[in-house]
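Morning, everyone. Please bring the model up on your screens, and we'll walk through it together.

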Amino acid sequence: MANNIGMMDSAYFVGRSEILSWINSTLHLHLSKVEEAASGAVQCQLMDAVHPGLVPMHKVNFEAKTEYDMIQNYKILQDVFNKLKITKHIVVNKLIKGRPLDNLEFMQWMKKYCDSHNAGLFYNYNPIERREASKGNKEVGKRSVNSKSCVRPNSCTNKAPSAHNNRRTDGSFGNITPNQPLKAVKTNTVAVSEYEEQITELKLSVDSLEKERDFYFSKLRDIEILCQTPEIENSLIVMALQKVLYATDDDSSVVAEAQAMVARHINHLSPIPEISEENVITENQKRKSVSFDSDVDSPGNAKLPQRQRLSDVSNVQCSGSPLISL
C-alpha cells in the first residue's frame, strides 16, 4: 500500500510531464501544469476512479478558485481517506497556494496509490459522466474544448492566410508564401513552451531551496532555545555558541574568539594543581624522619619478650574503650 511511502521511493521520481499525461488520459482533461490541480477536485475524482461511488462527486467543485472553496474539496478528500483508513497527511495550506513542488509531490503519491489498485486500470469508468453532477462541470468542459482547439494552431492559422492571399491582386507581396506565417507560429510556440518549462524548473528549484532553508533555520532555532536554559545560560561554552549564532558577518575572528572561550571553559573544568619546590622538600623530610623513628624503635621492641609485647598491645587496644567497665 502507498499510505506512507518514503521520500526516496521511486514514485517521487516520476516526471512532471508523465504525471500530466496520466491525469489527462485518466480523467479526459487537458491540464498543462501540475498546479492547475491545486483545487483538490482532480484528486477527488482520481479517488472516485479507484473507488467508484465512494466520493460524493455532486459536492466536488471543479471551478473552485478561492481558498475557501478549495478547502471544501480537500475536506471531501480527507473524509474519503478516513473511510479508507489512509494515513497520508494532506498539507492543504501549501497545496492551495499552487506551489508546483508541493502539488507535484502530492500527485506523485496519488499516482502511486492508484497504480497499487487494479494495476492502475479503471474499468468501465466514464470520467466525463461522473463530472456532470459536479460544480463547475461546464467550466471544465469549456477549458477542454478550448485546449483541444488550440492543440493544432497551424490548422487554425492556415485558412486565414490562404483566404487573405486569394484577395491579393497586386504583385507587391508576390514573394511571400503561405508557409512563412506558419513557420513563425511554430517558432513562437516552441519558444514559449521552452520558456514555460524553464520557469517551472526554476519554481521547483526555489521551492526545494526554501524547504532546505526552513529545515536548517528550525535546527538553529532549537539550538538557540537550548542555549537559553537558565542553568547553562551563563556558561562559557553557551556564550561561545551564541557568539557564533548571532554573528552578523563572516569574520573569522568570531570563530577564533568562540574557540578561545571553549578552551577557557575546558581549563576551568579540569585545573592542574601546582606543587611548589618547598612543599616537595618538606614532604621528603617528613618521610625521612618517620623512617628514622621506626628504625630506632625497632631494636628495642625486638629485645622485649613476647608476653610483654602482647600485654602492651592489649593495653593499647583497651585504653579508652567503653568495654573496660564490663
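How are α1 and α5 set relative to each other? First, the ground rules. This is a predicted model, with residues numbered from 1 along each chain as its sequence is written, and local features need pLDDT of at least 70, side-chain atom pairs count only at pLDDT 80 or more, while totals for chains, interfaces and linings use all residues. Side-chain values use heavy atoms, with hydrogens and water left out.

Back to the helices. Helices here are DSSP runs of H or I, at least four residues, and strands are runs of E, at least two, numbered from the N terminus. The axes of α1 and α5 are 10 Å apart and pack at about 55°. Axes are lines fitted to C-alpha atoms, for helices over the stretch in contact, and angles run from 0 to 180 degrees between N-to-C directions. α1 and α5 are therefore oblique to each other. On the cut-offs: under 35 degrees is roughly parallel, over 145 roughly antiparallel, 65 to 115 roughly perpendicular, and the rest oblique. The α1 and α5 crossing is left-handed. Left-handed means the near helix is turned anticlockwise from the far one by less than a right angle; clockwise is right-handed.

Next pair. Helix α2 covers residues 41–50 and helix α3 residues 67–83; their axes come within 8 Å and cross at roughly 30°. That makes α2 roughly parallel to α3. α2 passes α3 in a left-handed crossing.

Now the aromatics. Rings of Phe, Tyr and Trp (for Trp, the six-membered ring) pair if their centres lie within 6.5 Å; planes under 30 degrees apart are stacked, over 60 edge-to-face, the rest tilted. By this rule there are 4 aromatic pairs. In one of them, F106 and W109 are stacked, 6.2 Å centre to centre with 15° between the planes. Both F106 and W109 lie in helix α5, residues 100–115, and they are 3 residues apart, about one turn of the helix.

F81, F106, W109 and Y113 form one aromatic cluster.

Buried or exposed? Buried is under 20% relative accessible area, exposed over 50%, partly exposed in between, with a 1.4 Å probe and protein chains only. F106 is buried at 5%. W109 is buried at 0%. Y113 is buried at 2%.

On to H117. H117 sits in the loop between α5 and α6, the latter being 127–131. H117 is buried, at 17%. Its side chain makes a polar contact with the side chain of S116, at 3.2 Å. A polar contact is a pair of N or O atoms within 3.5 Å; within protein, one must be able to donate a hydrogen and the other to accept it, and residues adjacent in sequence count only if both atoms are side-chain atoms.

Last, the backbone. H28 is not a glycine, yet has a positive phi of about 55°. H28 lies in the loop between α1 (16–27) and α2, and is partly exposed at 39%. K85, also a residue other than glycine, has a positive phi near 60°. K85 is in the loop between α3 and α4 (92–95), and is exposed at 70%.
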